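User: I am new to this structure and would like to go through it step by step. Could you look at it with me?

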Amino acid sequence: GHIEMPVLGLVEAQKRTTFELARQMKKALQDEEYLNMPNVLVTIKQYNSQTFMVQGSVRSPGAYQTEGRPSLLAMIGLAGGLAADAGPTAFILRPNKNKKPAPGADVQISSLQDQTPDPDQPTQTPAGGSASAPSVDPNYDLIKINLSSLYRGQSDQKVEPGDIINIPRADVFFVTGEVKTPGSFTLKEGTTLRQAVSLAQGMTFNAKGAKGVIFREDPTLGSRQEIKVDISAVVNGKEEDIPLQANDVIIVPNSRTKSIGGMLLQALGVNSARLPVRY
């Protein structure tokens, strides 16, 4: 909180900016009649307590040191900006100053990767205090920030030293088979089967949409569920649309296709061959 200076002795520095501290020293040197026109410059050689951790889907994750209380947008900029696979929500883990951390306490951030983004405005809730919030160490508070609102200038969030900023990857789904542009697509909140087919540029002439299949992971059982669906009827509005979930695989078969297994392997890769699914 203090800096020892020749002539001036102990100079109080706590809660002062470098400009304020320089002005204070300049005035003190004049008052002591040590210098008539002192020129004082104060710079920071090293930050020891102003450390911020940025991790997840940013171009240059790591620990950053900066002055004051920067905004979340500024910290993302220091980390090189968002990566191409960034999700719509940022999570900030902030040490709870009202609680003393347990000895050897370790905060696990990986659990944030599997959470469904919250489109609401920035909110701060006690960690573990909400059923929808990721389960984190009780010595930390969890703050959720909607990145779309952040980049539109509708909101911002100041970060504090010791904050851990985590930006999980966006969830995806897959469309394969008789569509014009098969591949993986970013799953946004409210995405439906009809929208998925549209993102894949629609079905081809050879598609047999009535025999469509959605393969869906069951995280509880660790298995894959097969949902048969008439994609043509859904696209034409004759049947109710189906909301999609993370990692859904939508298969539009060909009228001559004998096995869906090949298209599933094409969508997910050879690791899918290990799945105990029969056709």
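User: What is the order of the strands in the open sheet of 5 strands?

Analyst: Since this is a predicted model, what follows describes a prediction. The open sheet has mixed pairing, and its edge strands, β10 (183-186) and β12 (223-229), each pair on one side only. Neighbouring strands in this sheet are turned by 20 degrees against each other on average, with direction ignored. Read across the sheet, the order is β10-β9-β13-β11-β12.

User: Which residue in β13 is the bridge partner of Thr 176?

Analyst: Strand β9 (residues 172-177) and strand β13 (residues 249-252) run parallel and are joined by 4 bridges. For Thr 176, the bridge partner in β13 is Ile 251.

User: Is Gln 157 buried or exposed?

Analyst: Gln 157 is placed in the loop between α3 (147-151) and β8 (164-167). Its C-alpha lies 9.7 Å from that of Lys 144, which is 13 residues apart from Gln 157 in sequence. Because the relative accessible area of Gln 157 is 16%, and the cut-off is under 20%, Gln 157 counts as buried.

User: Which element gives the largest share of the largest nonpolar core?

Analyst: The largest nonpolar core has 18 residues, and those with the most contacts inside it include Val 54, Leu 72 and Met 75. Among the elements that give two or more residues to this core are β3 (51-56), α2 (72-78) and β5 (89-95). The largest share, 3 residues, comes from α2.

Technical notes: Residues are numbered from 1 along each chain as its sequence is written. This is a predicted model: local features need pLDDT of at least 70, side-chain atom pairs count only at pLDDT 80 or more; totals for chains, interfaces and linings use all residues. Side-chain values use heavy atoms; hydrogens and water are left out. Two strands pair if DSSP finds at least two bridges between them. Axes are lines fitted to C-alpha atoms, for helices over the stretch in contact, and angles run from 0 to 180 degrees between N-to-C directions. Buried means under 20% relative accessible area, exposed over 50%, partly exposed in between (1.4 Å probe, protein chains only). A nonpolar core is a set of buried Ala, Val, Leu, Ile, Met, Phe, Trp, Tyr and Cys residues joined through side-chain atoms within 4.5 Å.
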